[in-house]
Amino acid sequence: MSDESLHTEGSVFIDTLQRVVAEILHTSRLGMSEYELITRLESYPELAKLARRKPGDTLALFRLHFLVCHVLYRLMDEWHQAGSAHLEISALMICRHPYKASEAAMAAVDKVRDYYLDLNHLINTDESGVNELLASFWVGMNRYEHRDEALEVLGLTDPVDDEMIRKTYRTLVMEHHPDRGGDNEMIQQLNDAAQILLKTK
């Protein structure tokens with residue numbers, strides 16, 4: 001989708017996209033991944049512009065992902081308010097579930113939902129912004145993949161929060177400090193573990 005279409009056709013296109021997504025989810029009992037949903041969307045003539053992107057065009061891919069998530073969270077809100085359904089949203093599973101008041105209560109603060117409902121994030125994100133988002137994603141993935149190893153160095157296991165990690169790290173650094181008979185190698189291991197576990201964007 002071009003910058004021009006984002007401004008001139010955005011509202012109509014988004015409404016059309018939301019209608020089609022709702023139709024697909026109404027007829028899919030088992031749900032689907034985001035990739036599967038996008039593949040189905042691209043087969044609709046009124047959404048043909050979704051397929052107009054070059055391989056490796058990260059900005060176009062980001063915009064497509066954002067728009068799909070935007071309408072999904074709009075549907076989540078609408079169905080919740082109407083008491084008609086609960087919408088599960090993740091990259092691997094998008095599924096419309098029967099509404100149950102006890103399970104469908106929406107969190108007062110949902111940063112992911114708020115992000116995708118604000119179209120300014122779509123309009124104001126350029127290619128360099130997308131690259132920064134991707135870099136942050138891979139940093140987060142690296143942190144997640146090595147979490148168990150880092151926790152083991154600190155003698156911890158999940159579930160554990162950042163406050164406990166910091167407290168344990170400080171205690172172990174004091175115990176293994178070279179001035180107290182410890183060694184630099186152990187201090188380096190502790191530093192590396194803390195960096196992985198407490199790394200931010």
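# Salt bridges and a helix contact in a predicted model

User: In this predicted model, which residue does Arg19 meet in a salt bridge, with N to O at 3.4 Å?

Analyst: A salt bridge needs a side-chain nitrogen of Lys or Arg within 4 Å of a carboxyl oxygen of Asp or Glu. The side chain of Arg19 has such a partner at 3.4 Å, N to O. That partner is Glu46.

User: How many residues apart in sequence are the parts that Arg19 and Glu46 tie together?

Analyst: Arg19 belongs to helix H2, residues 10-27. Glu46 sits in the loop between helix H3 (34-41) and helix H4 (58-82), so the pair ties together parts of the chain separated in sequence. The separation is 27 residues.

User: Is Glu46 buried, partly exposed or exposed?

Analyst: Buried requires under 20% relative accessible area and exposed requires over 50%. Arg19 has 39% and is partly exposed. For Glu46 the relative accessible area is 37%, so this residue is partly exposed.

User: Is Arg147 buried or exposed?

Analyst: Arg147 forms a salt bridge with Asp158, with the closest N and O atoms 2.8 Å apart. Arg147 lies in helix H8 (residues 147-154) and Asp158 in the loop between H8 and helix H9 (162-175), 11 residues apart. Asp158 has a relative accessible area of 40% and is partly exposed. Arg147 has 16%, and the limit for buried is under 20%, so Arg147 is buried.

User: Which residues do salt bridges with shared partners join into one network?

Analyst: By the 4 Å rule, the model has 6 salt bridges. Some share partners and join residues into one network. Its members are Arg19, Glu23 and Glu46.

User: What is the relative accessibility of Asp114?

Analyst: Asp114 and Arg113 meet through their side chains in a salt bridge, 3.0 Å from N to O. Asp114 counts as partly exposed. Its relative accessibility is 39%.

User: At roughly what angle do the axes of H2 and H3 cross?

Analyst: The two axes come within 11 Å. The crossing is right-handed. The angle is roughly 115 degrees.

User: How many nonpolar residues are in the contact of H2 with H3?

Analyst: H2 contributes Leu17, Val20, Val21, Ile24 and Thr27 to the contact. H3 contributes Leu37, Arg40 and Leu41. By class there are 1 polar and 1 charged residues, and the nonpolar count is 6.

How values were computed
Residues numbered from 1 in each chain as written. Predicted model: local features only at pLDDT ≥ 70, side-chain atom pairs only at ≥ 80, totals over all residues. Heavy atoms only, no water. Helix = DSSP H or I, 4+ residues; strand = E, 2+ residues; numbered from the N terminus. Buried < 20%, exposed > 50% of the residue type's maximum accessible area, 1.4 Å probe, protein only. Axes fitted to C-alpha atoms, helices over the stretch in contact; angles between N-to-C directions. Left-handed = near helix turned anticlockwise from the far one by under 90°. Contact = heavy atoms within 4.5 Å. Nonpolar A, V, L, I, M, F, W, Y, C, P; charged D, E, K, R; others polar.
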